[in-house]
Amino acid sequence: AKSDYEKLDQKTKRVFQAGAAGLNHYLATHPEVQPRLIKHFEGWNILAIGRHIIFTFQLLTKQLPRQYMGEADPSLPAPIMGSNAWAINAPKAKAGTAILFCNPHQPQFGYGQMYEGHVRSGEGWDMTGATFMGGAVPAMGHNEHLGWSHTVNRPDTVDFWIVRFDHPTNPNMYRFGDGYREAEVWTDSIRIKKGSDLVEETHTFRQTVHGPVVAKVSDTDFIAMNISKLNESVLFKQHLQMVRARNLEEFKQAMRPIDLNFFNTIYADREGNIFFVYNAAVPKRDPSFDWSAKLDGSDPRTQWQGLHSFDDLPQLTNPPCGWIQSCNSSPYSSTDDGSPLQINYPPYFANDRFEDCLRTKVSRHILRDLKEATFENVSELAFDTRMYWALFEIPRYAAGVAKLEVDNPTLAAKVKPYLGYL
């Protein structure tokens, strides 16, 4: 991150330097706050925290075993996460207006925590919203023209390959195609946190055509891993462009680089537009392979074939029903009329393509019932206490018990008390 930071354009570097200066100013004026690790922040730290967020979230989307993840601090409470977002326009709202509801549920500790703020500048910034700790730019919220929110999605942006190093004379040659290729090899010193100390260790690393070697399976077989755009993305640089957008076209243009590697994005503006995109840096792949499994690294067909473009992503604008919801579920059920069709996308696009969580079900029910959306009644609906089971499943059970009372009264008498507990 430190070396890549020097390659950034000067405007982005100035923003990151200003973000670091703000953190240092806070520490200087609040001596009672004693950081556990970083005592003085620099601009490249902003790039590094963005990569850490991308790295951790994308591994989580793959639902990997814990050995690939950093260990959580056992003294901290387990995070309760699950975000919701709605965008509403005509015919559910007055023509020419749109309403955005942002309800991110992030943990109170760790990389996912956020803080709120209002940023103004002489260059035209006027953004109220929230960003991740260490972020120099709001990650979601609204300016005077438009607003957006993010919810976590689970695109397939991480893959693993089994690579065989069995060349008879060169231990750094691995099987590929009809022959061998030589891995890039280097040594580096890294600092590893052990207890309260940072201990420097020197390790040898190997890079294959698929990605770096991250694990050993046997004396000859190793696992290589790749995370889409991990080293190319500049998370908060894309948010910097989104903050400056003044309309839907400019907002989409800001998102086109896909430097924000994941996150559903749901949008509304003062012109009455609403928009949803299943945002992700998804590699193009041969659909004949099972990309949820470890792949044969010797088969050239398992190489990534570039990235899908922004226009390839599941998205929709101004659905006829007048609402969109995004609650950590499938992009193919984001609204009643106009959702992207799953048949139009490869299976590897979305690991959450079959998910339809209870928050999603209740959100669809609330938005279908909504007659005329206003700021006031949507604000009330934000605290709606209706629950899916009470709305749909308990009535089904009650109907089943009523039928059982006719067909088998003895069994119904035994079952009925349980219905009362629900």
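How many bridges join strand β7 to strand β13, and in which direction do the two strands run? Seven bridges link β7 (residues 158-164) to β13 (residues 221-227), and the strands run antiparallel. Strands here are DSSP runs of E with at least two residues, helices are runs of H or I with at least four, and both are numbered from the N terminus. Two strands pair if DSSP finds at least two bridges between them.

Before we walk on, a word on the model: it is predicted, so local features need pLDDT of at least 70 and side-chain atom pairs count only at pLDDT 80 or more, while totals for chains, interfaces and linings use all residues. Residues are numbered from 1 along each chain as its sequence is written, and side-chain values use heavy atoms, with hydrogens and water left out.

Back to the strands. β7 and β13 belong to an open sheet of four strands with mixed pairing, in the order β12-β13-β7-β16. The edges are β12 (213-216) and β16 (295-296); each has a single partner strand, so one side of each is left without a neighbour in the sheet.

Next, the backbone. Most residues other than glycine have a negative phi, and most peptide bonds are trans. Ala-90 and Pro-91 are joined by a cis peptide bond, with omega about 10°, and Pro-91 is found in the loop between β1 (84-89) and β2 (98-103). Ile-258 has a positive phi near 50° and sits in the loop between α5 (248-255) and β14 (264-269). Asn-318, in the loop between β17 (315-317) and β18 (323-326), has a positive phi of about 50°. Ile-258 is buried, at 4% relative accessible area, whereas Asn-318 is partly exposed at 30%; buried means under 20%, exposed over 50% and partly exposed in between, with a 1.4 Å probe and protein chains only.

Finally, the rings. Rings of Phe, Tyr and Trp (its six-membered ring) pair if their centres lie within 6.5 Å; planes under 30 degrees apart count as stacked, over 60 as edge-to-face and the rest as tilted. By this rule there are 17 aromatic pairs. One of them, Tyr-345 with Phe-349, is edge-to-face, at 5.6 Å centre to centre and 70° between the planes. Tyr-345 is buried at 19% relative accessible area, and Phe-349 is buried at 1%. Elsewhere, ring pairs link Trp-148, Phe-251, Tyr-267 and Phe-275 into a cluster.
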